[in-house]
Amino acid sequence: MIISATIAVLVGGGVYLLLARSMVQAVFGITLISHAANLILLLSGVPAWRGEPLADRTDPALAGDPLPMAFVLTAIVITLAVTVFMLMMAVLGHNDDTRRTPATGETRDR
Amino acid sequence: MTSMTLPYTVLLLVVAVIATPALAGTLRRNTGWVLAAVYLAAGAVFLPAAARVLDGDVMRWSMPWVPSLNVSFALRADGLGVVFTYIALVIGAVVLCYASRYLEAGPPHRGFFLVMASFTASMVGLVLADDLIVLFICWELTSLASFLLIAQGGRGGQLASMRTLFLTFVGGLTLLIAVALIVLRTGTTTLSAALADPIWSTDPAFTSVVAVLVLTAGFTKSAQFPFHVWLPDAMAASTPVSAYLHAAAVVKAGIFLLMRFSPAFHATPVWNVALITVGLFTATLGAWFALQQLDLKKLMAYSTVSQLGLIVATIGVGTQAALAAAVLHTIAHALFKSGLFMMVGVIDHAVHTRDLRRLPPLAKAMPLSFAVTALGAASMAGIPPLLGFVSKESLLGALHGAPGPAWTGWVALIAAGFASVLTFAYCTKIVFGAFIDGTTDPAERPIHPTERLMLLAASLPILASVPLGLIAGVFDIPLTQAVRAALFGSYPDPHVALWHGITPELVVTLLIFTVGAMLIATRKRLFARLEHDSLPFDGAQAIAALVRSLRRAGLAVVRLVEADNPSRHLTPILTVFALVVLVGVGGLLREGALPQPVPGLSRPIDGVLLVLVTGAVFVACVARSRLTAVVALSTTGILATAQILALGAADVALTQLLVEALTVIVVMLVLQKLPVRFGPTPPARRLGTATLAAFVGLAAGAGTWALAGRRPRSELAHWYLSEAPDISGGANVVNVILVEFRALDTLGELSVLGMTGIALIAVLSTVRDRELDPHPTARTSGQGRAMNRWQSTPDLPLRARHTPAYRAIHESWGNVVGLQLMLRLVGPLLIMVSAFLFWRGHNSPGGGFIAALVASAIVGLMYLSTSRDRAIGPPRLPIHLISAGVLVAVVAGFIGLIFKGSFLQPIHGHVGAVHLTTAMIFDAGVFTAVLGLVMVAFNLLGTTQLLSAEATRERVDQTVEGKLPGPLETVRGERAHPRPKRSENGRRVGVGTAFLARDRQPREPGRDTDVPSKEESR
């Protein structure tokens, strides 16, 4: 199955980036890994059936499993939210988390 | 029916609590009279039950509270309960009368009266409780009330109240553990039943553990060493509070607890030893510290610590005589100490100081006060014929009977005698220091007249100890019943009287008096030499040091798992993951346990995509320029979209494509504030990471290959494909699953989106602008002050002003005119496309989420078409969108719940030929929330500070709330100024063309977040 090789590449690249010091690179890594995760989920629907699950257009005998697709759709949305949140984290401070934690301007909770 | 008086008594007090705020609003400080009357009334209501108890009965009343846990609101009046109830009510009434004159006349003192009333109710609840849970709750309520009353004591009270809370809650926790253990072992939450359980005599280890827990709780409340530090701290509270809580009630709750549990622990050695030693040590220590005080109130506090120590030690003796003595001294102490505290308040009111160094000799000016204080101090010092003498005699006698070898009794007696000498000394100091030895000239410190009622209330409890000492025999019956409650199965016959004949304790007392007389003679020189701290630190510093060291220890522990570098955590996790998967797959292969893969799993397109993805991922990994990395990343995203499409998931592909576009825009917003390149990584580290990454990637690929595609489609897939269209009336099975079959998932997803938006606001609004904007060192621009400060000026020599090259860089508004013009055309188109996608979602690829992403593109375009970073949409709109989205979705769910009996189940119907369903309402919620999140992301991450702007607020707040009035403080929920009319900039691009002729910037979409309005017209 060729897609498993694609998944291997995505996960490998994702892990490489995730382990980098820069927060932005880590976010990119998460993005790659989530692509891989989405593909894995879709594969659980068995890629031998690849028809769109549209009742009025596709023969149900050829249609793909719709449930993993729904899962993946949800996963994509949540990935968007998580990515935006992590990007916000990356923007705090001036050096992309490579050197120090940014001062928040608040007095530290003693 | 007498037992009904118990709940009525408590109910009356609770009603008083409820009525207090309203009363205080109208009666102001006179509320004290009403509360005092209520307390006396409660005492009267309680009288029938009390009378029965004194006859030897026990009153019970209970009501189921938490039946599933067998917890009931159970009350029980026995000898101890009666004595302590009356202490709480009578002293409470007197103190509240006093307070109604002591407090300032103007303000309503709502907080004071409310907490006082709550305290009394919980104190009475505590002493009457017959359920361990009720007991614990009332115990904590008294702690809280004490904390609140101290915290009300102004500036000095804040930290002091925190320390008090800290110490008393330590006791609360140990009591909670004790209660849990008792309930666990005895199987009942009924206090009296638990205390009568045979386990206390059969399991000494368990008994000892619980005894230590209970006595710790008692020690914290009764200010026993080392928890005594909170009581002097608590003097920050106003005098009525000290007189009531810190002399008669809260501290006596600890005494009460120790007595209440005496039936179980009175013969436990650890209990006896701990109580006697700690009690006597505290008695001596407290008296010693009291002698060193210059502040009369602090002196009283330490003297209370000392007296409580004596009582605790006596309870520790655990005999009938000892408990009788302890109860008697508790009563005596409550009387004289609350009176003395109130007298300190009288002095404070008269001369506006409590400092012995600043007091003039008051004896002549305030003869009545002098007499009363002297009486109170005499009672405390144990001078006959006052009640204090009787009770102290019995204390000494009881301590002489301490358990163990004969010498322990003598040691205890001598220690108590020594503490009493010190007591005598500080009593001397109170009377002589305040009234006779004062060195300050009375002319310097005018003496204000005392309100008579205040003095009367203060003297009542003290004066009461004169006749009570003479007729001490009246205490015989209550003491008998109290001791019976504290020692089950005992038949005590206490005989309280002034004269018992020549006894060891009388000899000790006489010795005390002899030394005391010498003290009085030498007091001036002696006290002056004592008035310094004998320890280099005080309790507050000790607690601060404790907290500091705890924090340091915590940091040391944290260091082990600190997450300052994610690879420290990720490396082991990922390694284990890869190992498990690879070993597992290897095992499966060797066993030959894998079924044959289904034929036709791969298509040629997969191979093409694999090659492309490999290239893109490689570039993303090795790119040092952030921009390159983003391009590679989005390429990967597009390729993943293509792969998804190739798998037949049209909806998913569409979503992925739009998300990809949005993600890239947000990434760009972020990148503009970050350095251009990624920081360097050492080659060794790179190699290690690459090895691990390859390893994990291999594992993921192998796992997928081994575990996926080896069975036909699932039953569930068949079911959805064949049934879903008929059930839902929608042909797009994926969308139908999302909004109907698994709508709860989608609701969760929606909430995650909304929360992300809120979290963005929450985090960013705690951060200063300068931490969000690019580093100031990036500002290298030498020319062009109007430029954004983080963009370095190109090295090209720019031409003069008004040349196109200059303007292209420095007056950038012209650059975006084209985009603005396009937006006017594309915007409506996108809205239509979005609406269309939304509408058709049920039958074809589309739906609320995809429609929202298309609509977000409009927001993105608007943002891009401005020459400066501007916030899109009115302030607060994003928050409202998010909340409305979640709300609409939940409401759609409830529609299903109400009409179909299942949350989120859609209702179908036809209007004409058009198929409608409530799932579309749900989808609209999705649409709104997604749009809100995108707007939050753009507005918060996209805006940056301009050089010219002099913002008055942090930008995030301005962006979220609109232009805020006032100085820099962050104000949430404050109403923004009405939006200024936007007129000065002329008309928008495409509506007018005047800007071309006049060379003036046209109006742009969005709003400035930090530029004053006059800047716009420049």
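Predicted model: local features only at pLDDT ≥ 70, side-chain atom pairs only at ≥ 80, totals over all residues.

1. A salt bridge is taken here as a side-chain nitrogen of Lys or Arg within 4 Å of a carboxyl oxygen of Asp or Glu. One pair crosses between chains, running from A:Arg50, in the loop between H2 and H3 of chain A, to B:Asp606, in helix H26 (residues 604-622) of chain B.

2. How far apart are the closest N and O atoms of A:Arg50 and B:Asp606? The distance is 2.7 Å, and the rule finds one salt bridge across the interface of chain A and chain B. As a general point, side chains of opposite charge can pair when their charged atoms come close.

3. The interface itself can be described by its contacts and its area. On the side of chain A, 83 residues are in contact with 108 residues of chain B, and the area buried between the two chains is about 8,400 Å², with carbon and sulfur atoms giving 75% of it. Between chain A and chain B there are also 14 residue pairs in polar contact, counted where both residues have pLDDT 80 or more.

4. Which helices of chain A each supply at least two residues of the side that touches chain B? They are helix H1 (2-18), helix H2 (23-43) and helix H3 (66-91), and H3(A) gives the most, with 20 residues. By residue class, this side of chain A divides into 54 nonpolar, 19 polar and 10 charged residues.

5. The lining of the largest cavity divides into six nonpolar, six polar and three charged residues.

6. Several helices of chain B each supply at least two residues to the lining of the largest cavity, namely helix H28 (650-671), helix H31 (733-741), helix H32 (743-764), helix H36 (848-864) and helix H38 (919-942).

7. Some backbone details deserve a look in the model. Most residues other than glycine have a negative phi, and most peptide bonds are trans. A cis peptide bond, however, joins B:Phe225 and B:Pro226, with omega about 0 degrees, and B:Pro226 is placed in the loop between helix H9 (204-221) and helix H10 (230-233) of chain B. The peptide bond from B:Pro384 to B:Pro385 is cis as well, with omega near 5 degrees, and B:Pro385 lies in the loop between helix H17 (367-381) and helix H18 (387-400) of chain B.

8. In chain A, A:Val46 has a positive phi of about 60 degrees although it is not a glycine. A:Val46 is found in the loop between H2 and H3 of chain A, where A:Arg50 is also placed.

Definitions and conventions:
Residues numbered from 1 in each chain as written. Chains lettered and ligands numbered in written order. Heavy atoms only, no water. Helix = DSSP H or I, 4+ residues; strand = E, 2+ residues; numbered from the N terminus. Nonpolar A, V, L, I, M, F, W, Y, C, P; charged D, E, K, R; others polar. Contact = heavy atoms within 4.5 Å. Buried area = accessible area lost by both parts, 1.4 Å probe. Polar contact = N/O pair within 3.5 Å; in protein donor to acceptor, adjacent residues only side chain to side chain.
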